Amino acid sequence: MLSVAILAGGLATRLRPITETIPKALVDVAGVPFICRQLDYLHAQGIRKVVLCIGYLGEMIQAVVGDGSKFGLNVLYSPDGPVLLGTGGALKQALPLLGEQFFVLYGDSFLPVDFTAVEKAFFESKKLALMTVLENADRWDKSNALFRAGELIEYNKHAPRPEMAFIDYGLGVLTRSTLDLYPIGHNFDLAEMYHRLSLQGQLAGYEVHERFYEIGSHGGLKETETYFLNQKGEA
């Protein structure tokens with residue numbers, strides 16, 4: 001199973017005042033820090049190695065997670081350093097800790113999806129990258145992907161068009177060479193790279209049918225808490 005890079009370095013300004021003193025990864029979600037929920041879930045999916053890209057208050061995440069052994073994982077850390085690098089820059093910096101191909105997961109997302117099936121689809125596509133997509137129709141956020149007949153034709157987060165009915169679900173697979181164009185220490189958004197790859201025909205699409213959960217906003221946090229409380233009630 002591929003390793004997973006988790007992008008957990010942002011300032012989380014939309015979650016203030018909660019994130020004035022803790023990083024988003026440590027926000028309490030139904031009694032458990034969110035990163036702990038993510039790591040338990042990744043272990044259940046068969047993942048064994050995780051690289052945490054950290055920035056804002058990252059040392060607090062390290063103090064809680066440690067080496068990952070309590071989750072059955074090997075957890076390594078890639079700090080942004082003195083300047084926040086953005087999602088793309090943080091990933092570029094973490095490359096020495098990652099393999100030739102790897103999963104990419106946002107640190108504020110919980111995704112009910114089969115990682116094994118996603119990995120299989122990526123290798124079968126023979127493309128440099130894969131993005132999971134959900135038919136969204138602007139329900140949870142602005143739709144930003146044109147996906148037809150199993151093909152991801154274009155992803156464009158910054159200039160979405162009306163015919164884009166799908167959205168980036170939050171789990172991707174990348175080949176390390178996709179980051180070759182960017183210098184280390186350079187701040188850039190992973191969305192820029194995904195857009196370029198889609199136009200080059202190198203971004204495969206994998207359709208997911210169950211909604212995602214995120215804690216990037218107060219509304220999203222409340223919905224995610226409800227999801228986990230319901231899961232607990234069904235257990």
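Colleague: Let's start with Gln45: which side chain does a polar contact of 2.8 Å join to the side chain of Gln45?

Modeller: Bear in mind that this is a predicted model. Gln45 sits in the loop between α1 (34–44) and β4 (49–54). The polar contact, at 2.8 Å, runs from the side chain of Gln45 to that of Tyr41.

Colleague: Is Gln45 buried or exposed?

Modeller: Leaving aside residues up to four places away in sequence, Gln45 touches Met1, Val113, Asp114, Phe115 and Thr116. Its relative accessibility is 15%, and the cut-off for burial is under 20%. Gln45 therefore counts as buried.

Colleague: Thanks! Turning to Ser143, which side chain makes a polar contact with the side chain of Ser143?

Modeller: Ser143 belongs to the loop between β8 (129–135) and β9 (145–148). Because its relative accessibility is 1%, Ser143 counts as buried. At 3.0 Å, the side-chain partner of Ser143 is Asn136.

Colleague: Now the backbone: what is the phi of Ala30, given that Ala30 is not a glycine?

Modeller: Ala30 is placed in the loop between β2 (28–29) and β3 (32–33). With 26% relative accessibility, Ala30 counts as partly exposed. Although Ala30 is not a glycine, its phi is positive, at about 55 degrees.

Colleague: And where is Leu57?

Modeller: Leu57 is a residue other than glycine with a positive phi, near 55 degrees. Its relative accessible area is 22%, so Leu57 is partly exposed. As for its place, Leu57 is in the loop between β4 and α2 (58–65).

Colleague: How far apart in space are Pro33 and Ile61, C-alpha to C-alpha?

Modeller: Pro33 is part of strand β3. Beyond residues up to four places away in sequence, Pro33 touches Ala25, Leu26, Val27 and Asp28. Pro33 and Ile61 are 28 residues apart in sequence, and the distance between their C-alpha atoms is 9.8 Å.

Colleague: Is Pro33 buried or partly exposed?

Modeller: Burial would need a relative accessible area under 20%. Pro33 has 26% relative accessibility, so the residue counts as partly exposed.

Colleague: On to the largest pocket: which element supplies the largest share of its lining?

Modeller: The largest pocket holds about 1200 Å³ of space. Of its 44 lining residues, the closest to the centre are Arg14, Lys24, Tyr106, Asp108 and Lys157. At least two lining residues come from each of β1 (4–8), α3 (86–94), β11 (166–175) and α6 (218–234). The largest share, four residues, comes from β11.

Colleague: How many residues of that lining are charged?

Modeller: The lining of the largest pocket includes 19 nonpolar residues and 13 polar ones. The charged residues in that lining number twelve.

Colleague: Finally, among contacts between residues at least 6 apart in sequence, what percentage join residues at least 24 apart?

Modeller: Of the 235 residues of the protein, 51% count as buried. Among contacts between residues at least 6 apart in sequence, the percentage joining residues at least 24 apart is 73%.

Technical notes. Residues numbered from 1 in each chain as written. Predicted model: local features only at pLDDT ≥ 70, side-chain atom pairs only at ≥ 80, totals over all residues. Heavy atoms only, no water. 1 Å grid on protein atoms, 1.4 Å probe; cavity = no way out; pocket = protein on both sides within 12 Å on 5 of 7 lines; lining within 4 Å. Points joined across faces, edges and corners; volume = space filled by probe spheres on them. Nonpolar A, V, L, I, M, F, W, Y, C, P; charged D, E, K, R; others polar. Buried < 20%, exposed > 50% of the residue type's maximum accessible area, 1.4 Å probe, protein only. Polar contact = N/O pair within 3.5 Å; in protein donor to acceptor, adjacent residues only side chain to side chain. Contact = heavy atoms within 4.5 Å.
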